[in-house]
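Subject: Structure handover

Hello,

Here is the structure I promised to pass on. Please open it first, then read my notes below.

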Amino acid sequence: MRVLKISRDQLKKWLDELSGTVDLYVPMPAGKQVHRFEPYTTFEELDLSYTRTVLPPKKFVFPPEEVLFNRAPSGETTVPDLPARDLVLFGVHPCDINGIRILDTFFSSFDKPDWYYQRRRARLRIVGLSCLPDEHCFCRSMDCDSAASGFDLFFHDIDPENQDRGEKVFFVSLGTVEGDIMLADRADTLPEAEPEELEALLEYTERRESAYTLDLDPSILPQAIKLHQADPLWDRLGEQCLACGVCSLGCPTCTCFNIRDTNDLEGGSSRVRNWDACLYRDFARVAGDHNFRPHRSERIQNRYYHKQVGFAEAFGKPSCVGCGRCIKLCPTGIHFVEVFQSLARERLPVDE
Amino acid sequence: MNNLYLTADWTILEIREIIPGHFFVSLSPSGGGGVPEYSPGQFFQISVHGIGEAPVSVSSSPTRPGTLEMCIRKVGRLTAAIAGLRAGNRVGIRGPFGNGFPLERMRGNDLVLLAGGLGIVPLRSLVNYAVDLPGEFGQVTVLYGAGTDAQLLFIDDLLGLSRDINIQLIVQEITGAGPYEERFGDRTGFVTDLIPGSVTRPTRTFAAMCGPPVFYRYAVSALLAEGLSKRLVYMSLERRMECGIGKCGHCGVGYRYTCVDGPIFNYWDAFNMPELIEMREGEPWIS
Ligand SMILES: Cc1cc2nc3c(=O)[nH]c(=O)nc-3n(C[C@H](O)[C@H](O)[C@H](O)COP(=O)(O)OP(=O)(O)OC[C@H]3O[C@@H](n4cnc5c(N)ncnc54)[C@H](O)[C@@H]3O)c2cc1C
Ligand code: SF4
Ligand code: SF4
Ligand code: FES
């Protein structure tokens, strides 16, 4: 892959310009250690060294609430329009890029594509940004620590501690023609990285590799989960879990939703979908008050099973990218990786 | 690309309370254009706009084109709204969804169909399908049970077919409410009680069943005891459904979605996915 160089000043100029033609969202600080994707204001306000946003970028293609259609009293049905401008997400980390790729697969599955996802996705451009892992990241274990594709542009910041230096340079890779178009003729004039700079990029990658503190061997997970469905661990987790659903809502690949109707005063109605979470009590409840997963232990086991086994069997790979959000967000400290580690360690037959 | 969440307007041609709380509904698309192709075992999503939407099995057979028939039990908000509709009213429909019964595989074989309560609704579609295609299937046996004789659905329909199919009924309690008392004698019990002796060619018999969640494990073990091979046993399952197209996640079981991979599942699916049907606490029921 060819790697181009862009200076900090050029990057700022480019983002200033881009925000005039598209809806540009960037990682912004929103309190101590908290970040969100927010509309671009000024370059100085965005945080290029953030670790993870609270909500993953899925909200731009699969919003927490979305009107599917409005129905007038006459029966006339209309589908709300999207904003006129395309949406560019700047600063997406590899785990989240991989998360969107998983969503792409899922929302086009079974020859029954999700129209609402597809139309938002067709209008989304993704600009990636390199990162260094913290103590909750295990994307490397999930093979999601780099993004081979799934971005239009990708920026490497190999000197993230140093944001203010005037000479600061970012490395840029083009993923698609859309990326080139976004750069608006810059790509043809930006210089290519010199061999020693590529060497520095490689060193950065190695430094990043050794910075991971969490590790998980995904190859044993399916067996560990399938063979230990009756493990007392699930009951313990069921007692610890509050069924708050935060781990699912914050997960870049969790996609469950409800559909409900609302009414307006004029006799019209709307059909709306909202995020749901499989940890909620009513998730598998059907009419007649029969609940297929009445216990929290069953629901938490179902979540783990689905993400590491069920999804992989249906779609070829697990639906976890190792972003660490569920670990960071869980109010009772349930730790995705530790759960699997203990399942595998305690329960798989060990050689004597 | 098709927006699979949009509903089409359909008109109710007939709606009738056949037993208390259970409404027979016949429908066709309001704009003409005919009922889309469907297969026994599939379901449609039916909407009353402003109230909501629910999955409902087809109860008619594609061999009788022109209208779509359903039977809806009033249990909650949406089904109550449907119960309040009249002929000429419109509802929203999308579908058909789901896999349907494996008709190609079933052809040429005997069928044993087991229904508990409302479970007769999807099986009626298959019964009528088999009856309308004489020679395509072997002997068709229907074993149908309900709480009381007053709760049996489509009973005149089914008894009218006694020349073509072998139909046996059982209820837990005989109230004398229906004109069928002589059919029961003094015998009361569960539909699974009808299974012993019902299968004459176990290697050439497909079983299909639909009933309340507790019913499957008993029905499956009774069928296996009759010598039926596991791969010949099918079940129609219910789960909470919102989307019908494998997206909302509610109907997920193991690695399958009931709305696209089901609602008709084979015995082996249940074997591999313990969550699929309810099992006895701590007891391996699989033989
Ligand atoms: C494949 C399939 C085929 C079916 N075929 C038939 C059939 O032929 N005939 C028939 O009568 N029924 C059938 N059903 C069942 C039917 O879909 C339900 O009876 C129907 O959904 C009930 O809707 P309701 O609004 O009347 O009930 P409600 O209980 O009011 O609500 C319906 C659904 O919404 C959910 N819900 C309600 N309130 C909440 C809440 N507060 N939070 C979260 N969730 C909530 C429930 O889990 C329930 O599943 C079928 C179901 C399936 C899956
Ligand atoms: S399961 Fe947890 S670590 Fe994995 S992708 Fe979801 S939020 Fe991230
Ligand atoms: S975040 Fe933690 S407590 Fe909340 S539902 Fe998930 S596992 Fe349970
Ligand atoms: S009903 Fe939504 S996934 Fe099956």
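In chain B, R16(B) stands opposite F24(B), which belongs to strand 2 of chain B. That pair sits where strand 1 (residues 8-19) of chain B meets strand 2 (residues 22-29) of chain B. The two strands run antiparallel, and eight bridges join them. Bear in mind that this is a predicted model.

**The sheet in chain B**

How many strands form the open sheet, and in what order? There are six, in the order 4-3-6-1-2-5. The pairing is antiparallel. Strand 4 (52-57) and strand 5 (68-73) of chain B stand at the edges. Each has a single partner strand, so one side of each is left without a neighbour in the sheet. On average, neighbouring strands of this sheet are turned by 40° against each other, direction ignored.

Now go to strand 6 (residues 90-97) of chain B. Strand 1 of chain B pairs with strand 6 of chain B over four bridges, in the antiparallel sense. A8(B) has I93(B) of strand 6 as its bridge partner. Strand 3 of chain B also pairs with strand 6 of chain B, antiparallel and over four bridges. Here I93(B) turns up again, as the bridge partner of I46(B). Q45(B), in turn, has R94(B) of strand 6 as its bridge partner.

**Strand 3 of chain B**

Is strand 3 (residues 43-48) of chain B largely enclosed or left open? Six of its six residues are buried, so strand 3 is largely enclosed by the rest of the structure. Both faces are covered. F43(B), Q45(B) and S47(B) are buried on one side. F44(B), I46(B) and V48(B) are buried on the other.

Strand 3 of chain B is also joined to strand 4 of chain B, by six bridges. These two strands run antiparallel. S47(B) stands opposite E53(B) of strand 4. The two strands form a hairpin with three residues between them. In the turn, G50(B) has a positive phi of about 95°.

**The ligands and chain A**

Two ligands deserve a look. Start with ligand 2. It is surrounded by 13 residues. The closest are C251(A), C320(A), C323(A), G324(A) and C326(A). Helix 10 (296-315) and helix 11 (325-329) of chain A each supply at least two residues of this shell. By type, the shell around ligand 2 divides into eight nonpolar, two polar and three charged residues.

Next is ligand 3. Which residues lie around ligand 3? They are C241(A), L242(A), A243(A), C244(A), G245(A), C247(A), L279(A), I300(A), C330(A), P331(A), T332(A) and I334(A). Ten residues of this shell are nonpolar and two are polar. No charged residue is part of the shell around ligand 3. The space that ligand 3 takes is the second largest cavity.

One more residue in chain A. I225(A) lies in helix 7 (residues 221-227) of chain A. Is I225(A) buried or exposed? Its relative accessibility is 0%, so I225(A) counts as buried. P160(A) is 65 residues away from I225(A) along the chain. Their C-alpha atoms are separated by 38 Å.

Over to you.

Best wishes

Definitions and conventions: Residues are numbered from 1 along each chain as its sequence is written. Chains are lettered from A and ligands numbered from 1 in the order in which they are written. This is a predicted model: local features need pLDDT of at least 70, side-chain atom pairs count only at pLDDT 80 or more; totals for chains, interfaces and linings use all residues. Side-chain values use heavy atoms; hydrogens and water are left out. A residue is near a molecule or strand if one of its heavy atoms lies within 4 Å of it. On a 1 Å grid over the protein atoms alone, a cavity is a set of points where a 1.4 Å probe fits but cannot get out, and a pocket is an open set with protein on both sides within 12 Å along at least five of seven lines; lining residues have an atom within 4 Å of a point. A molecule sits in a cavity or pocket if more than half of its atoms lie within 2 Å of its grid points. Ala, Val, Leu, Ile, Met, Phe, Trp, Tyr, Cys and Pro count as nonpolar, Asp, Glu, Lys and Arg as charged, and the others, Gly among them, as polar. Two strands pair if DSSP finds at least two bridges between them. Axes are lines fitted to C-alpha atoms, for helices over the stretch in contact, and angles run from 0 to 180 degrees between N-to-C directions. Buried means under 20% relative accessible area, exposed over 50%, partly exposed in between (1.4 Å probe, protein chains only).
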